[in-house]
Amino acid sequence: MEDLMEKIVSLAKRRGFVYPGSELYNGLGGTWDYGPLGVEMKNNIKKAWWKAFVQERDDVVGLDSAIVLNSKVWEASGHVSKFADPMVDCKKCKKRYRADHLAQELEKKKLPEKEEDILEEHNLNAHPEVIKDLNERLKGATCPACGGALTEVRQFNLMFKTFVGPVEDSSSVAYLRPETAQGIFINFNNVLDSSRKKIPFGIAQIGKAFRNEVTPGNFLFRSREFEQMEIEFFVKPGTDEKWFEYWRKTCLDWFLEHGIRKEKLRLRDHEKDELSHYAKAATDIEYDYPFGGFGELEGIANRTDFDLIQHSKFSGRDLSYFDEQTKEKFIPYVIEPSLGVDRAMLAFLIDAYQEEQVGENDVRVVLRFHPKVAPIKVAIFPLVKDEKLIKMARDLYRRYQSFWMIAYDEVTSIGRRYRRQDEIGTPYCLTVDFDTLEDNAVTVRDRDSMKQVRVKIEELDSYLMTKIC
Ligand code: ATP
């Protein structure tokens, strides 16, 4: 299984999906750069999400708030005091570990396999008892890398700090946002006043978030700079549980509609002691990753009225909602689906990756992306390098470029060109051959079945549109 991740990471780099960040300078931990295909795929994921959750709904509007916010925002939200992970350092080699992960790993080694799942992740908005417990679990433990002694478990705030303006003092401290959600809460009144939305309604945002993770890893799963797609859905208190159920199902369906296999997804409700300080209930949509099995893909939380109350208190502004019909005034409850773009991309990559035995000693590597997610929708080839075929193929290429990202390739054998497209998940390949000059039709080859059909050029538009859009 680890092997599968190695193959995916290597394909991602070789074909231009994802490169290690700052590689030219030996890298920068927990950062990744998206190459020509990666940026297309990432944009497709964001577009598909925005379409389903903003464009095609009447009750969600969009927002794009700033990344650097007034630091009062993070005091109000609890991030300055509570957004921390427990960590330990090796006194000898200085390697840093997330204390709960290290404890878990060491305990796993001691347990027979079937008991592994009784180990649970702690609520990491760590209470003093959690730190105490972790110190006990790590008593006598040494650094797995060098055997050196470990420090006591300490809290480590995950927010990146910076200074705004020319003076570096406590009054100019600011943080890069660790979640996009707070930008939404602080604009609640602005959106309400300018959009005339009535409760229940939501505000969606896609944007960068930054967390100084103690141990980033597992490729795109945990990085220090990533993107989130979040909705804060504002509802009347008392209807929150119904809406929570609604969003659990709707978010799960979104993955299924975009091609993730059902058996690789599950919903996991948080135990009471696992909930964040602001949440009344939370469910993770989990994906069965090749590393460690099921883990969080998306989080759905009932954040109650916590954030709006906090921002009312800290800003001194009234963030309550007045219901014109019932003449009631209340602070709305909030249901929040929160999904990492990069983590979604990772799940799409893993889920799509397949190696197929073709014939006796040939293996076909194919990414079976849903057409909406695939970076390139159609590849167009002249069968051989003949001027007439090249001209027709190029004309088709220009035509479809205005609809989608299209590839054109005239190098190497047709079989190898198909395989190159399979490996990056292109759903359809069109080949212009000598018959095309006579019958005005092209060969359309399907990535998944590898079946080929002849389609008249005048019917090609509607043929491709129904399959790709
Ligand atoms: P964890 O417990 O794994 O640290 P979390 O519960 O703190 O994660 P949330 O705050 O719920 O994560 O974040 C919402 C979503 O943002 C996650 O479901 C995930 O998709 C994404 N996400 C969070 N942290 C990271 C990260 N470091 N790298 C990539 N994506 C992330």
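Does Asp89 count as buried or exposed, and at what relative accessibility? Asp89 counts as buried, because its relative accessibility is 10%. Here buried means under 20% relative accessible area, exposed means over 50%, and partly exposed is in between, with a 1.4 Å probe and protein chains only.

Before we go on, a word about the model. It is a predicted one, in which local features need pLDDT of at least 70, side-chain atom pairs count only at pLDDT 80 or more, and totals for chains, interfaces and linings use all residues. Residues are numbered from 1 along each chain as its sequence is written, and side-chain values use heavy atoms, with hydrogens and water left out.

Let's stay with Asp89 for a moment. Asp89 lies in strand E5, residues 84-89. Strands (E, at least two residues) and helices (H or I, at least four) are DSSP runs, numbered from the N terminus. The side chain of Asp89 makes polar contacts with two arginine side chains: Arg96 at 2.7 Å and Arg154, also at 2.7 Å. A polar contact is a pair of N or O atoms within 3.5 Å; within protein, one must be able to donate a hydrogen and the other to accept it, and residues adjacent in sequence count only if both atoms are side-chain atoms. If you set aside neighbours within four places in sequence, Asp89 is in contact (heavy atoms within 4.5 Å) with Lys95, Arg96, Ala149, Leu150, Thr151 and Arg154.

Now look at Thr31, in the loop between strand E1 (18-20) and strand E2 (32-34). Thr31 is buried because its relative accessible area is 17%. Its side chain reaches the backbone oxygen of Leu28 at 2.8 Å. Not counting residues up to four places away in sequence, Thr31 touches Pro20 and Gly21.

Next comes the ligand. Around it are 16 residues, of which Glu213, Arg222, Ser223, Glu296 and Leu297 come nearest; a residue is near a molecule if one of its heavy atoms lies within 4 Å of it. This shell divides into five nonpolar, five polar and six charged residues. In that count, Ala, Val, Leu, Ile, Met, Phe, Trp, Tyr, Cys and Pro are nonpolar, Asp, Glu, Lys and Arg are charged, and the others, Gly among them, are polar. Strands E11 (225-235), E14 (293-304) and E17 (333-340) each supply at least two residues of the shell, and E14 gives the largest share, four residues.

The protein backbone takes part here too. A nitrogen atom of the ligand is 2.8 Å from a polar backbone atom of Ser223, and a backbone N or O atom of Phe221 lies 3.4 Å from a ligand nitrogen. An oxygen atom of the ligand is 2.9 Å from a polar backbone atom of Gly340. Taken alone the ligand exposes 610 Å², and the protein buries 84% of that; these areas come from the Shrake-Rupley method with a 1.4 Å probe, and for residues only the protein chains shown count as cover.

E11 pairs in the antiparallel sense with strand E10 (residues 201-210) over 10 bridges, and Ala204 stands opposite Ile231 in E11. Two strands pair if DSSP finds at least two bridges between them. E11 and E17 also pair in the antiparallel sense, over six bridges, and Glu230 stands opposite Ser338 in E17.
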